[in-house]
Amino acid sequence: MYLAQSFLHSLIAALIVDTALLAWKIEAPVIRQRFRLLVIVLPIISFPLYQYITPERGSALFRLDAFFDIDRWLDLELWGMVPVGVLFLLFLVFTAVVFVLQEMLPITQHTLSSGDGALEGARPEPESRVTRAIETLPGRKPEVFIIDDEAFAMFSSTGKDPAVYLSGGLVEKLTLVELRAAIAHEIGHIQRSRRPAMVLIFILRVLMFCNPIILMEFRRIVQEEEKICDDVASSITGDRAALAGALRKFYDADSEERAPAMKDTLRLRERIEEYSHTLLIEDRIARLEEPLVPPVNTSAEFIIVLMTILAVNYYIV
């Protein structure tokens, strides 16, 4: 019952949040992320909360007045043999397997390889463009390492001693201001990785590992996080065009490398993921090429959405 209702509650919450973001034209990624967090948090607590408020919520009398009674659907038998409830459970199991293979295993492998010292690189030379780019950044700076690789790559490691890793190929391609903006973006990731809210989001995602709606919403929150770090980098450097240029070069090189493989070997799922990745990069570049729109106060809208989700889902049993 908990799995079924949390799935429906997350679906309803996602529809309400998407409608609100569209109707109120909310574009600031930090605010959009806050709204999307409702889709992850509320379905986890809604079932016990509603049961505490109304212990007889699962009774036949309450279900008669409900907007949607999932038990009626789960008890149906397709072709007179297979209960819908069995298919629903198989669907959740499939989602859980996808979560383990696509998210947990890569994270575990990355953590283990990091512990074995797989992340190796050389510190930039004192007079290199990388060093000059780092020196012009304000505030505390993480360690920066250059990996001996011609392919374009850039990422950051978090933890007690955070660091930024750049591939040699990327360093050669980017200009000084683009390197500065790209490093600032990774500094944004390092800063935000220490926020309790981001840790909480990931923990909640793990707890709801079998809910496909939350799986998709978590990815959308991650996409908003990239845009937030773009804005952090822009605030550090004051140069949105430089980060847009770095992204454009990174994206163009990545597209050229993937193009032959996409024609011959990539499966449908991989093509869809590549298309989604392309849309995200293009959207980020388009945002950076436009003036930054400061976020507005949306506290009233947030409360309206929160209360609407709670009210509607109360009658989804």
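Hi everyone. A residue counts as buried when its relative accessible area is under 20%. With that in mind, let me show you this model, which is a predicted one. Of the 317 residues in the protein chain, 42% are buried.

Let me start with the overall picture. The protein chain has 13 helices and five strands. If you take the contacts with a separation of 6 or more, 70% of them are between residues 24 or more positions apart. As for the surface, the protein chain exposes about 17800 Å², and carbon and sulfur atoms supply 64% of that.

Now, the sheet. In which order do its strands lie? The order is β3-β5-β4, in an open sheet of three strands with mixed pairing. The edges are taken by β3, residues 143-147, and β4, residues 154-157; each has a single partner strand, so one side of each is left without a neighbour in the sheet. On average, neighbouring strands here are turned by 20° against each other, direction ignored.

As a reminder, strands of a sheet pair through backbone hydrogen bonds, and the pairing is either parallel or antiparallel. This sheet shows both. Between β3 and β5 the pairing is parallel, over five bridges, and on that side F145 stands opposite Y165 in β5. Between β4 and β5, which covers residues 163-167, the strands run antiparallel and four bridges join them. There, S157 stands opposite A163, and M154 stands opposite L166.

Let's stay with β5 for a moment. Is β5 enclosed or open? Five of its five residues are buried, so β5 is largely enclosed by the rest of the structure. In a regular strand, side chains alternate between the two faces of the sheet. In β5, A163, Y165 and S167 point one way, while V164 and L166 point the other way.

Next, the nonpolar interior. In soluble globular proteins, nonpolar side chains tend to be buried together. Here the largest nonpolar core has 28 residues, and the ones with the most contacts inside it are V130, M154, L166, L179 and I183. Which elements each supply at least two residues of this core? They are α6 (129-135), β5, α7 (168-173), α8, α11 (240-264) and α12 (268-288). The largest share, seven residues, comes from α8.

Leaving aside neighbours within four places in sequence, M154 is in contact with V164, Y165, L166, L170, A182, I183, E186 and F250. There is also a second, separate core of 26 residues, and F7, A13, I16 and A20 are among them.

Let me turn to the aromatic rings. A pair of aromatic rings is described by the distance of the centres and the angle of the planes. The count for this model comes to 13 aromatic pairs. One of them is Y2 with F47, an edge-to-face pair at 5.7 Å centre to centre, with 85° between the planes. Y2 lies in helix α1 and F47 in helix α2, so the pair ties together parts that are 45 residues apart in sequence. How accessible are the two partners? Y2 is partly exposed, at 30% relative accessibility, whereas F47 is buried, with a relative accessible area of 16%.

Another edge-to-face pair is F62 with Y314, at 5.5 Å centre to centre and 85° between the planes. This pair links distant parts of the chain, with F62 in helix α3 (residues 60-64) and Y314 in helix α13 (residues 299-314), 252 residues apart. Both partners are under the 20% limit for buried: F62 has 13% relative accessibility and Y314 has 16%. These two rings also belong to a cluster, in which ring pairs link Y50, F62, F67, Y314 and Y315.

One last stop, at a loop. K25 lies between α1 (2-23) and α2 (29-53). K25 is not a glycine, yet its phi is positive, at about 55°. Is K25 buried or exposed? K25 is exposed, with a relative accessible area of 67%.

Technical notes: Residues are numbered from 1 along each chain as its sequence is written. This is a predicted model: local features need pLDDT of at least 70, side-chain atom pairs count only at pLDDT 80 or more; totals for chains, interfaces and linings use all residues. Side-chain values use heavy atoms; hydrogens and water are left out. Buried means under 20% relative accessible area, exposed over 50%, partly exposed in between (1.4 Å probe, protein chains only). Contact means heavy atoms within 4.5 Å. Accessible areas come from the Shrake-Rupley method with a 1.4 Å probe; for residues, only the protein chains shown count as cover. Two strands pair if DSSP finds at least two bridges between them. Axes are lines fitted to C-alpha atoms, for helices over the stretch in contact, and angles run from 0 to 180 degrees between N-to-C directions. A nonpolar core is a set of buried Ala, Val, Leu, Ile, Met, Phe, Trp, Tyr and Cys residues joined through side-chain atoms within 4.5 Å. Rings of Phe, Tyr and Trp (its six-membered ring) pair if their centres lie within 6.5 Å; planes under 30 degrees apart count as stacked, over 60 as edge-to-face and the rest as tilted.
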